[in-house]
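Biologist: I'm new to reading protein structures. Could you walk me through one, starting with a helix?

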Amino acid sequence: MLSTIAIESLKRRKTTAILTLLSITISISLLLCVDIIRTQVKTSFTRTVSGVDLIVGAPSGQLNLLLSSVFNIGTPTKGIEYKSIAALQSNKQVSWLIPLSLGDTHRGFRVVGTTNSFFDHFKYGDMQSLEMAAGSAFTQPLSTVVGADIAKSLGYKVGDKIIISHGLGSVSFNNHDDHPFTISGIVKKTGTPVDKAVYVTLQGLEEAHTGPKHSPTSMLGRKPADKAKEHEHDEHTKEHAVYNSEAFTPESVSVVMLGLKHRVTALQLQYQINQSKKEPLMAILPGMALAELWQIMGNVESLLLGLSGLIVICALIGLATMLLATMRERYQEIAVLRTIGAGPFTLLLLIQIEAMLLTIVSAALSLGLVAGLMSALKPWLSSTYGLFLSSPLFGQSSVIIILLILGCTYLVSLFPAVAAYRRGLHAGLNANS
């Protein structure tokens, strides 16, 4: 009966009640959005690279190795000799290997030397593979593949030629003008550091630094006709053969990403690599390194959550203010309720039920609004910001937030409820007199 009376009472003041309902709904929606984005950003951040079981480089610290290899930030470590790469590749536990060579730039963007295995095995988000928006992976030694952001900001398309520069500065005086790279592909937008990187072949990168390697076989003693025939044969082979970027063996690379046949062996192999005496190496687990990096950035999410909580508290204070402001208008209603036998405590409960009803309806509307908004924005968030929303959207933290809001509603509603209780006592005293 009290719930029915509370609903009818709110209907009589529907304009004020609707405005209060909207205020609380927007505040709860904001808090839920911040909580969902906070949780999902953390999840997406830890999945910036997925499917890579180990990252191996020279000893330089876990975070430095992660930042230089995955986020293209910081100074790359010294190189790993090819004999160490060959040893890793021949390891029975290793399924595939991606070599990365760092240290060059193109107009302020990082250049990464690698092979086609990068585009075959590197994954992000929910184990999503890299896809080409245009063109293909490396087709010849001086091929390059650029990220979506670079293609958009610099207006590049497949077939354009670019020049890379030595060093990591935004301005370089050591450009490799003699070895222009031809864009063979543009990676589809991923929302990860891949979008802001230029990928070139290891062979092309080494030729840009040292010049092309010549075959040790001497051309002396061959007739000009034989040389011409061989040149024609080489040109025909080059035209019809598929470029195998993995066939080139560099002297050294900066980092190696490993995929294992069985992920449970990652810790064992990590220990073996870190204890290797042939060459000082450091192997890290990307997931653990990303989690450690997120802990450093955790203060930002706490600040956003705190600010959203303050907004909700302000909305609930507005609810209490609305109920207090209507006490004078409801004097006649309170008097009638007292006349038909409602006690002061009943009036106190009535005000609290009104406040709780408004908050419960607002919470239900907020859940629906946020769920619809996130579903509509899911493709845009994943392609633009690399935020991959995973189900369920509302976890344990969302339930705790709703319960805390209901608890706060109960507390702030005590002020108008106590005011109604006192008016009930005053109305009862007047009736008795």
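This is a predicted model: local features need pLDDT of at least 70, side-chain atom pairs count only at pLDDT 80 or more; totals for chains, interfaces and linings use all residues.

Biologist: Which residues of α14 are buried?

Modeller: The general idea comes in handy here. An α-helix has 3.6 residues a turn, so residues three or four places apart point the same way. In α14, the buried residues are S398, I401, I402, I405, T409 and V412. Looking down the axis of α14, you'd find these buried residues within an arc of 95 degrees, so they line one face of the helix.

Biologist: And which exposed residues does the face turned away from the buried side of α14 carry?

Modeller: That face has Q396, L403, L404 and L411.

Biologist: Now a strand. Is T114 buried or exposed?

Modeller: T114 sits in strand β4, residues 109–114. Under 20% relative accessible area counts as buried; T114 has 0%, so it is buried. Leaving aside neighbours within four places in sequence, T114 is in contact with I98, P99, L100, F138, Y199, V200, T201 and L202.

Biologist: What lines the largest cavity?

Modeller: Its lining residues include S69, N72, L100, F118, Y199 and M257. Sort the whole lining by type and you get nine nonpolar residues, two polar and no charged.

Technical notes
Residues are numbered from 1 along each chain as its sequence is written. Side-chain values use heavy atoms; hydrogens and water are left out. Buried means under 20% relative accessible area, exposed over 50%, partly exposed in between (1.4 Å probe, protein chains only). Helices (H or I, at least four residues) and strands (E, at least two) are DSSP runs, numbered from the N terminus. The arc is that of the directions from the helix axis to the C-beta atoms. On a 1 Å grid over the protein atoms alone, a cavity is a set of points where a 1.4 Å probe fits but cannot get out, and a pocket is an open set with protein on both sides within 12 Å along at least five of seven lines; lining residues have an atom within 4 Å of a point. Ala, Val, Leu, Ile, Met, Phe, Trp, Tyr, Cys and Pro count as nonpolar, Asp, Glu, Lys and Arg as charged, and the others, Gly among them, as polar. Contact means heavy atoms within 4.5 Å.
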